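The following note sets out points for a colleague who has the sequence and coordinates to hand.

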Amino acid sequence: MVFSSIPFLYYFLPGVLAVYFLTPRKGKNAVLLISSLVFYGWGEPKLLLLMVFTIAVFYLCGLAIGRAEQARWKKLYLVFSAAAGLGLLGVFKYADFFIGSFNALTGLSLPLLKLALPVGISFYTFQCLSYTVDVYRGRVPPQKNPVTFGAYVALFPQLIAGPIVRYADVVRELESRSHSCQEVSEGLRRFLVGLGKKVILADNFALLIRTFRSSAEPSVLFYWMYAAAFTLNIYFDFSGYSDMAIGLGRVLGFHFRENFDYPYLSRSVTEFWRRWHMSLGAWFRDYVYIPLGGNRVSRGRWIFNILTVWMLTGLWHGAAWNFVLWGLLFAALLLAEKALPVLEKLPEVLRRGYVLLAVMLSFVLFNAESLAQAGSDFAALLGFAGLPCVTAQTLYCLRSFGSLFILGVLGATPVVKQAAERASRTRAGWVLEVLAMAGLLLVCTAYLVDGSFSPFLYFRF
C-alpha cells in the first residue's frame, strides 16, 4: 500500500485514525503496531515475517545490551544485532550484485538468488541499527515494552521511504505524546502538500521521462530536458513522501526531523548534502564517519573516511555499479571543494549554477539502468552521439511540459510556501487555504482515479 492511492486515502487512513483517536492512551501504540503491520503486509504478506523477525532480534539485543554488566558482552550483543540486520540487508539487497560482479570478474556462472527486495528494508534496518548503537553508547535506555519497540520500527508514516527516524528522537513521544486539533490540522496540511508534490509534479515529470525513453526522435535538447525532468522528479517524489510522513507523524503526535531544505538552492555540494535527505546524511555522519575518526585524523585517513562513507552512501541507494560511482562522484566533489577554497570566492550565481549542473549530471548516472546506458546518456548530453540538436517531438514536449517545468522550479524554492504563509495570516487567507487544500485533494484524487500513478522512487532502496 502506498500513500498516493485511493485505498490508503479513503479507507485505510480514515479507519486507522478513527480507531487510534478512540483508543485510550495506553492502547495507542498497539493500534499503531497492528495498523503498521497491515500497511506493510498489504501487498506481500510474506514480508511481515522478515519485519517481525527484525523487530524481535533488535528488541532482544537492546535488552541484552542494557542488562550486560561487562563491556565485552555489550559489544558482543551489539555486533550480533549489526550482523543480523546487515546480514539480512546484504542477502536480500546485495547478494545478486556481488554474485554477478564475481561472475563477471572470474568468468564463472554462479546462480543468482533472485530474491525480491523487501520494501523499505534499508530504512528500517538503519533505524534498528541506530537503536542498538545508542543503547550501547548509553544515550538511551533499552525499550522493555515489545509493543512500543515494534511500533517504533514499523511506524507506517515513515516505514517505506523515511525519513530515517532514530529511537532517541522519538522515545519520549513513544512513551507519552499529546494531540491537539492544531497539530492534526497542520499535519494534514503538510500531508496534502506532499501528496500534491508526488501526484501532480513528480508523476507528471515521470511521464515526460517515459516519453523521452520511448522516443524515436531523440535530440541533444531532449536529453537535457530529461536530465532536468529527473532532477525535479526525484526531488518532488522523495520530498513529497517526506512531507506526507512528517505530516502524518504530527497527526499521530510525533515530530519527525525535516528531511529536505530546498537543496537546489545550495551554493556548494557540501551544502547540498546538508539539505538533501538530511536524515541519511546525519545517520552516516554519526554512525560511520565519526566512528572512523571523521576529520580528526591524518589527511590520508580523512580521504579514506570520505571515500568509505560515500561509497556506502551510493550502495545504500542501490545494488549496482552506477550507484557506487554516483557516491564516489560526490566524494570527489566534496574533496575538491575542500582542496579548492577558491570556489567560495566565486559569484553566488556561478556557485549555484555549478551545484545544479553537478547534481543534475549526477542524477543521470544515478538513474541509468547500466553503466553502458550512463555512458551513452552522457555522450548524447555533450553532443557526441551524432544526434540533432532539436527535433519536432522535442519542441512538442517542450511546449506540452513547459508549464510543468515552471511549476517545478517554483516549487523547488520557498517562494510558494512563503506566499501561502503570508496569505494564511488573514481570515480570508485561512479560508482560501482550506479551500485550496480541499481542491488539492480533489485534483490528486482525480489523477489517481485516472490511473496516473508512478511508484515512489525510493521504494527500491
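A nonpolar core is here a set of buried Ala, Val, Leu, Ile, Met, Phe, Trp, Tyr and Cys residues joined through side-chain atoms within 4.5 Å. The model under discussion is predicted.

1. The nonpolar core. The largest such core holds 136 residues, and the members that touch the most others are Phe8, Phe156 and Tyr264. Helix α10, residues 220-251, makes the greatest contribution to this core, at 18 residues. Leaving aside residues up to four places away in sequence, Phe8 is in contact with Met1, Val2, Phe3, Leu13, Pro14, Phe39, Phe156, Phe191 and Leu248.

2. Helix α2. Because 11 of the 14 residues of α2 are buried, the helix is largely enclosed by the rest of the structure. The buried positions are Lys28, Asn29, Val31, Leu32, Leu33, Ser35, Ser36, Leu37, Phe39, Tyr40 and Gly41. Phe39 has already been named among the contacts of Phe8. The cover over the buried residues of α2 includes α1 (6-22), α3 (47-67), α5 (121-137), α6 (146-154), α7 (156-159) and α8 (167-175).

3. The largest pocket. Its space amounts to about 1,200 Å³. The lining consists of 38 residues, and those closest to the pocket centre are Val193, Lys197, Asp243, Val416 and Lys417. Two or more lining residues come from each of α9 (181-213), α10, α17 (392-411), α18 (415-424) and α19 (427-449). Helix α9 provides the largest share of this lining, 8 residues. By class, 18 lining residues are nonpolar, 9 are polar and 11 are charged.

4. The second largest pocket. The volume here is about 610 Å³. There are 19 lining residues, with Thr270, Arg285, Tyr289, Trp310 and Leu334 nearest the centre. Helices α11 (269-275), α12 (278-289), α13 (299-317) and α14 (321-339) each contribute at least two residues to the lining of the second largest pocket. The most come from α12, which gives 7 residues. The composition of this lining is 12 nonpolar, 4 polar and 3 charged residues.

5. Helix α19. Which helices do the buried residues of α19 pack against? They pack against α1, α9 and α18. The buried residues in question are Gly429, Glu433, Met437, Leu440, Cys444, Thr445 and Leu448. An α-helix has 3.6 residues a turn, so residues three or four places apart point the same way. The 23 residues of α19 should span 33 Å at 1.5 Å a residue, and its end C-alpha atoms lie 33 Å apart, which agrees. Gly451, which follows α19, has a positive phi near 90°.

6. Lys114, in the loop between α4 (71-106) and α5, has a phi near 55°, a positive value in a residue other than glycine. His277, in the loop between α11 and α12, likewise is not a glycine and has a positive phi of about 40°. Are these residues buried or exposed? Lys114 has 69% relative accessibility and therefore counts as exposed, the cut-off being over 50%. His277, at 0% relative accessibility, counts as buried, since the cut-off for burial is under 20%.

7. Asn259. This residue belongs to the loop between α10 and α11. At 0% relative accessibility, Asn259 counts as buried. Apart from residues up to four places away in sequence, Asn259 touches Pro163, Phe238, Ser242, Ile246, Arg275, Trp276, His277, Met278 and Ser279.

8. Gly318. The loop between α13 and α14 contains Gly318. Its relative accessibility is 5%, so Gly318 counts as buried. How far apart are the C-alpha atoms of Gly318 and Lys93? They are separated by 7.9 Å, although the two residues are 225 residues apart along the chain.

Definitions and conventions: Residues numbered from 1 in each chain as written. Predicted model: local features only at pLDDT ≥ 70, side-chain atom pairs only at ≥ 80, totals over all residues. Heavy atoms only, no water. Buried < 20%, exposed > 50% of the residue type's maximum accessible area, 1.4 Å probe, protein only. Helix = DSSP H or I, 4+ residues; strand = E, 2+ residues; numbered from the N terminus. Contact = heavy atoms within 4.5 Å. 1 Å grid on protein atoms, 1.4 Å probe; cavity = no way out; pocket = protein on both sides within 12 Å on 5 of 7 lines; lining within 4 Å. Points joined across faces, edges and corners; volume = space filled by probe spheres on them. Nonpolar A, V, L, I, M, F, W, Y, C, P; charged D, E, K, R; others polar. Expected span 1.5 Å × (residues − 1).
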